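Subject: Structure handover and notes on helix packing

Dear colleague,

I am passing on the structure we spoke about, and I would be glad if you could look through it with the notes below beside you.

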Amino acid sequence: MSMQAILDKQIRVQHVITTNPKQAKAIEDPSRSKIVQILYMKSMHAEQIGTALKRTGSKKALTTIRHHIDVLKEAGLIEVVRMEESRGAMTKYYGTSTKLLGYNTPEDFDKKYSAVIKTASKRLEEILESVAPKAGNSSHKKDLAYDQFIQVEILNRALAQTLERADISRLHR
């Protein structure tokens, strides 16, 4: 007796995520991901982070905030950017080099942006062709997934620099 498929859906890759398990675990907590967003282009100490979190509706105890900070530091998502001494105590200010865009894609995204995606895809193919020889010089010989990871990281960091320049120019207007 032959089986008949009830559903047979072709899956297209629509998202490429480059992260490591430690970073993924760190930002799975909504408060931690909000801290990364808050610290983008700012430096704050733990109490200021707590105040900023309260403004977003997330009230956390200072000890919990410090725990979140430690997890994010351990994952390499935030770092100490300044230290100040005041009355014998050290105050650490934290910042991030990560821009976390935590939004849900609208349901009509593919329909609305399909032409732009197609044009951008063709241009990216050209860019990837120029990046591929440099990215292929890894110690992971013959590992296509790793080479693609390196290519995406190169594009990701180039995009981050471009977005940062746009953010800075917007701030100075």
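Predicted model: local features only at pLDDT ≥ 70, side-chain atom pairs only at ≥ 80, totals over all residues.

I begin with the core. The largest nonpolar core comprises 17 residues, and those with the most contacts inside it are Leu39, Ile49, Ile69, Leu72 and Ile78. Helix H2 (30–39), helix H3 (46–55) and helix H4 (62–74) are the elements that contribute two or more residues to this core. In soluble globular proteins, nonpolar side chains tend to be buried together. Taking Ile49 as one example, and setting aside its neighbours within four places in sequence, we find Ile49 in contact with Ile35, Leu39, Met44, Ile65, Ile69 and Tyr94.

At the start of H2, the backbone nitrogen of Ser31 has a side-chain oxygen of Asp29 within 2.8 Å, while after the helix comes Met41, whose phi is positive, near 65°.

Next come the helix pairs. Two packed helices are described by the angle between their axes and the distance between the axes, and I give both for each pair.

For H1 and H2, the axes come within 5 Å and cross at roughly 100°, which makes H1 roughly perpendicular to H2. Lys25, Ala26, Ile27 and Glu28 on the H1 side meet Pro30, Arg32, Ser33 and Val36 on the H2 side, and by class the residues of this contact divide into four nonpolar, one polar and three charged.

For H2 and H4, the packing angle is about 70° and the axes are 10 Å apart; since an angle from 65 to 115 degrees counts as roughly perpendicular, H2 and H4 are therefore roughly perpendicular to each other. Here Ser31, Arg32, Ile35 and Val36 of H2 meet His67, His68, Val71 and Leu72 of H4, and the contact has four nonpolar, three polar and one charged residues.

For H3 and H4, the angle is about 105° with the axes 10 Å apart, and these two helices are therefore also roughly perpendicular to each other. The contact is formed by Ala46, Glu47, Ile49, Gly50 and Leu53 from H3 together with Leu62, Ile65, Arg66 and Ile69 from H4, and its residues divide into six nonpolar, one polar and two charged.

Which residues have a positive phi although they are not glycine? Met41 is one of them, with a phi of about 65°, and Arg87 is another, with a phi of about 50°. Most residues other than glycine have a negative phi, and most peptide bonds are trans.

Is His45 buried or exposed? His45 has 15% relative accessibility, and because buried means under 20%, His45 counts as buried. Not counting residues up to four places away in sequence, His45 touches Thr91, Lys92 and Tyr93.

Finally, I note two pairs of residues by their separation. Ser169, placed in helix H6 (residues 144–171) and partly exposed at 35% relative accessibility, is 73 residues from Thr96 in sequence and 19 Å from Thr96 in space, C-alpha to C-alpha.

With best regards

Technical notes
Residues numbered from 1 in each chain as written. Heavy atoms only, no water. Core = buried A, V, L, I, M, F, W, Y, C linked by side-chain atoms within 4.5 Å. Buried < 20%, exposed > 50% of the residue type's maximum accessible area, 1.4 Å probe, protein only. Helix = DSSP H or I, 4+ residues; strand = E, 2+ residues; numbered from the N terminus. Contact = heavy atoms within 4.5 Å. Axes fitted to C-alpha atoms, helices over the stretch in contact; angles between N-to-C directions. Parallel < 35°, antiparallel > 145°, perpendicular 65-115°, else oblique. Nonpolar A, V, L, I, M, F, W, Y, C, P; charged D, E, K, R; others polar. Polar contact = N/O pair within 3.5 Å; in protein donor to acceptor, adjacent residues only side chain to side chain.
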